[in-house]
Amino acid sequence: MIHAARHNHALATVEPTANLELPPSFTTSNAVKVTRSQHVTRPSPRSQYQKLVATGALRGDEHQVHVVERLQALHEQLINYYPPPLPDISERNSLFTRLFSKSAVEPIPLPADRVPRGLYLFGDVGTGKSMLMDLFYDTLPLSVKRKRRVHFHAFMIDVHKRVHAAKIALGPSGGDPIIPVARDLAAEANVLCFDEFQVTDIVDAMILRRLLGYLLDFGTVSVMTSNRHPDDLYKNGIQRESFIPCIELLKGRFEVINLDSGTDYRRIPRALSHVYYHPLDKQNVDEVNKIFTALATKNGEEVVHNRTLPIWGRTLKIPESTSKVAKFSFKELCGNPLSAADYLEITETFPTLFVTDVPKMDIGKKDLARRFITFIDACYESKTKLLTSSEVPIFQVFSDDPDKGEVQISDHMRSVMDDLGLSNMAVGSSSMFTGEEEIFAFARACSRLVQMGSKEWAESTGEH
């Protein structure tokens, strides 16, 4: 059960039917259809939140209720919002089949008051960002026909593919590939929800400062979550001054809301399901292998060795797998130079994954640790069931060796570890991660491993 604090304010249980303001292009018959669709029972962020509190899935939190009210306000604006018309796109993969004019001009910016102001929700690990994002997305008005909810990392992978294809379509004479990419994204979704917005790469920074502006010009409304206030994005990054306009855009065109209320919604104890096994003794190795065989072959399938999975024009070998279950050793998964795109493809293909022989990692294995953290994030976002065997408890694979004496840990690291709601003895502290981005990634990975080991997670995952 996610904690959230009781609130005295009575939330409305019935949402009033909106009086729709239809654009001139709508005929009377269309207007009737739209009006009728609004009478279909559909929860709003406010009513859905109240329902979750009433059923005990959440515990009301005064600070969180304030955030829900901001989501509610945007929800009500979207009921009557109709983005400007975009050029007709007859084919789904239009970006790959259309040639864009080399002399294409930038879209005419819409007045700021014509596009509902987006929301930028930021806070530390465990503040309920993803839960609130899902609450908003799942209750979008029926009038919103085109919408997309995506983890920001996966979104940027998609954007890079589109930019590459647009450059090819524009030909050797060149042209601006960001405009057609933004137009296609706006055509696919006039409401975009990004989870975990972050900027760590100069190429991403240069794309985003213009892409977000063009999306607003095309009338796209965005809601995003992040660990950072906009002022702290891409901090100390290369050529950060070039990214400042994007930061100002976020602060000017989005309502920036701090989710930190002093409550960690992952602190509520959960009954851990037995999905993590340590140490690497014969009993645990045999048990994990037995569980893998049982899950992989339960539908009569046979385990395939070295199946190939196509990723970005190349192939990745899957050591052991059936259609929905795969097993890797840690060396096979993290000992090779795999990227976030590889891990996302793996987790989206196989709802259940086994990773065996996870070692305890120190500063000499920092690259392996980074890849494993990226893999954990991919599992979490894809709602993948994860089973592991490890040298030490899985939560402590990044921790320092207590036999080496007291390790000097920064105040920031101690603060983040405290925010996890777990003692340093239970999770361990790592001095191998020093930069702010690394510390947040480490903290997030530890928190997610705890959540992914819960009974609730084990029972609700494993099927895509």
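Buried means under 20% relative accessible area, exposed over 50%, and partly exposed in between (1.4 Å probe, protein chains only). This is a predicted model, so local features need pLDDT of at least 70, side-chain atom pairs count only at pLDDT 80 or more, and totals for chains, interfaces and linings use all residues. Residues are numbered from 1 along each chain as its sequence is written, and side-chain values use heavy atoms, with hydrogens and water left out.

Select Glu 287 and Lys 290. Glu 287 is partly exposed at 28% relative accessibility. Lys 290 is exposed at 54%. Both sit in helix α10 (residues 282-296), three residues apart, about one turn of the helix. Helices are DSSP runs of H or I, at least four residues, and strands are runs of E, at least two, numbered from the N terminus. The two side chains form a salt bridge, with the closest N and O atoms 3.4 Å apart. That term means a side-chain nitrogen of Lys or Arg within 4 Å of a carboxyl oxygen of Asp or Glu. The count comes to 21 salt bridges.

Next, pick Arg 70 and Glu 255. Their side chains meet in a salt bridge at 3.0 Å, N to O. The pair links distant parts of the chain, 185 residues apart: Arg 70 is in helix α3 (residues 62-79), Glu 255 in strand β5 (residues 254-258). Arg 70 is partly exposed at 27%. Glu 255 is also partly exposed, at 21%.

Finish at Ser 454, in the loop between α16 (436-452) and α17 (455-460). Ser 454 is buried, at 2% relative accessibility. Its side chain reaches the backbone oxygen of Gln 451 at 2.7 Å. The Ser 454 side chain also reaches the backbone nitrogen of Trp 457, at 3.2 Å.

Key. A polar contact is a pair of N or O atoms within 3.5 Å; within protein, one must be able to donate a hydrogen and the other to accept it, and residues adjacent in sequence count only if both atoms are side-chain atoms.
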